[in-house]
Structures are given as C-alpha cells and as structure tokens.
Amino acid sequence: MDTTRLAEALLDRTAAFAATVTGADPATRVPTCPDWPLRVLVGHIGQAHRWSAGIVRSGPSPVPDPLDADPGSPGNWADWLRQGAEDLAKTARDAGDTPVWTFFGEQPAKFWLRRMLNDTTVHHADAALATGTSFEVAPDLAEDVITEWLEMLANPVTASLKPAFAELRGTGQTLLLTDGDHSWLVTREPGGVSWTRDTATAATDVTLAGRTQDLLLVLTRRAPLDDVTLTGDRALAEHWLARTAA
C-alpha cells in the first residue's frame, strides 16, 4: 500500500478503535492484554502514534512505557486518539521517501504508518474483546497484518529483540495459511523462519484455512485455533502460536 492508502487506513482504524472504547469503563480489563486495563490500552495507541511521528521527525527515541501514557479524560479519548493519528499521517506524508530509523534499519517513513496501522488494528480487536463489541477489518488490511507479521518474524533482528522467537527455528517444518484467495507458506529452518506467497505446489505439515480476518486473529492469539480449519499437525500449529505471542 502507498503512503496515502496507509494514512487513510490509519485514520479509519483509529476512529474505529475510538468508537469501540468510547463510553466504556476505563478500568475494564483487557483479556488479551492481561496486565492492562482499557485506559492503558487507549494510552498505548495514542502514545505509540506520537512516538512514531517523533521518530520520523527527529530520529529514534527510547520505546515508551504504556503505563506512563496519559490519554486524559475518557470523554476526550476520541479527540486525543485522532490527534495522534493525524500527526503521524501528516508527518509521514511530509517526509515522503526520506529514510528514517526503524528497528530493521533505515526505511521510508511509511514504515511507521504501516507498523502503527497494523498495531492499531490488532489492538482494536483487543478493545472489542474487552467491551463485548464487534470487530471487523477489511480483507486487504487483514492480509497486510499477516504479511507484516511474517516479515518481522523472518527478519534476524526480531529474535534479538525477543529471544523466544528463536524457538521458531526448525528442520523444515511447514505451515500454510490460506483464505482461499491468498496464501502464505511458512518454513521453519535451522537459521530461522522463511516464508513465501508462492504456494502452488506446496505440500505442508499443517494448514490453517479460514477468512483472512480469522487467520489474523488466530495468528495474533486474539482468537482460538479452532476458529479456523486445521488440517495436519495440530501440535506444530500450537507450538508456533505458543512462541509467537505478540
């Protein structure tokens, strides 16, 4: 997706997140972020958007602690969240193709739009689970969350950021994800994870099939494995999920 599409999607997903948390009790526990009440989840989103915009403008800074974020009064959450998303969108658009710092080396500023869009999408699911409301995401956005997640897991830097991901190494075991129209073939190799979209002749150890949104929620541990159709080695799928907790 280009910068314009990413910026528009970030604003849309942030608005959807804001609508989900508006009127909810700030102390509501978030079951998929068990140490956080809803107020901290809201704070994290607005804080992360502002932190990312600061990186684009001025370079890297320490990763902020969500517990330090102050989203203000619940009645102002929607405006506070919108302001953070708008700041990031404008800052990234203004930067254009200028390389900026990322965890994976310098990349165009739209890296942070994509990263925050996908983070906001997953946390919108958290908010929906906490408040008992519905969650829907467009298939192309859900597809990109899955793709970005695999890109990060396949990057050698990721295991240095979170050592548990090193346990995904294997001896050629394969996991196929498919929604019928799009597929991802993941291979666990001795040096780490690799993946491809070319699955025409793939023979796999385990396949997870379902709607793109359901695959997204299962892969990010926001929904149980049984929400998709599993064929093959269930233990392999469970091992993968246990070691990719976001």
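Predicted model: local features only at pLDDT ≥ 70, side-chain atom pairs only at ≥ 80, totals over all residues.

Reader: In which sense do E3 and strand E6 pair, and in which sense do E6 and strand E7 pair?

Author: E3 and strand E6, which spans residues 206-209, are joined over four bridges, and their pairing is parallel. E6 is also joined over four bridges to strand E7 (residues 229-232), where Thr 229 is the bridge partner of Ala 209. For E6 and E7 the sense is antiparallel.

Reader: How do E3 and E4 pair, and which residue in E4 stands opposite Thr 178?

Author: E3 and E4 pair over six bridges in the antiparallel sense. Within E4, the residue that stands opposite Thr 178 is Ser 183.

Reader: What is the order of the strands in the open sheet, and which are the edge strands?

Author: The open sheet holds five strands with mixed pairing, in the order E5-E4-E3-E6-E7. An edge strand here pairs on one side only, and this applies to strand E5 (192-196) and to E7. Neighbouring strands of the sheet are turned against each other by 20° on average, with direction ignored. The edge strands are therefore E5 and E7.

Reader: Which helix lies across E3, E4, E5, E6 and E7, and at what angle does it run to E4?

Author: The helix that lies across these five strands, E3, E4, E5, E6 and E7, covers residues 234-242. This is helix H8, and its angle to E4 is about 85°.

Reader: Is Thr 187 buried or exposed?

Author: Thr 187 is found in strand E4, residues 183-189. Leaving aside residues up to four places away in sequence, Thr 187 touches Gly 172, Gln 173, Thr 174, Gly 192, Val 193 and Ser 194. Its relative accessible area is 16%, and because buried means under 20%, Thr 187 counts as buried.

Reader: How are the axes of helix H2 and helix H4 arranged?

Author: The axes of helix H2 (residues 38-58) and helix H4 (residues 110-131) come within 10 Å and cross at roughly 175°. Angles over 145 degrees count as roughly antiparallel, so H2 is roughly antiparallel to H4.

Reader: Which residues meet where H2 and H4 are in contact, and what is the make-up by class?

Author: Residues of H2 including Leu 41, Ile 45, Ala 48, Trp 51 and Ile 55 meet residues of H4 including Trp 112, Met 116, Thr 120, His 123 and Ala 127. By class, the contact of H2 with H4 has two charged, six polar and 11 nonpolar residues.

Reader: How many aromatic pairs are there, and how are the rings of Phe 103 and Phe 104 set?

Author: The count comes to nine aromatic pairs. The rings of Phe 103 and Phe 104 have centres 6.5 Å apart and planes at 75°. Planes over 60 degrees apart count as edge-to-face, so the Phe 103 and Phe 104 pair is edge-to-face.

Reader: Which parts does the pair of Trp 149 and Phe 165 tie together?

Author: The rings of Trp 149 and Phe 165 have centres 5.9 Å apart and planes at 80°, so this pair is edge-to-face. Both Trp 149 and Phe 165 are buried. The pair ties together parts 16 residues apart in sequence, because Trp 149 lies in helix H5 (residues 139-154) and Phe 165 in the loop between helix H6 (156-161) and strand E3 (173-178).

How values were computed: Residues numbered from 1 in each chain as written. Heavy atoms only, no water. Helix = DSSP H or I, 4+ residues; strand = E, 2+ residues; numbered from the N terminus. Buried < 20%, exposed > 50% of the residue type's maximum accessible area, 1.4 Å probe, protein only. Contact = heavy atoms within 4.5 Å. Phe/Tyr/Trp six-rings, centres within 6.5 Å; stacked < 30°, edge-to-face > 60°. Pairing = 2+ DSSP bridges. Axes fitted to C-alpha atoms, helices over the stretch in contact; angles between N-to-C directions. Parallel < 35°, antiparallel > 145°, perpendicular 65-115°, else oblique. Nonpolar A, V, L, I, M, F, W, Y, C, P; charged D, E, K, R; others polar.
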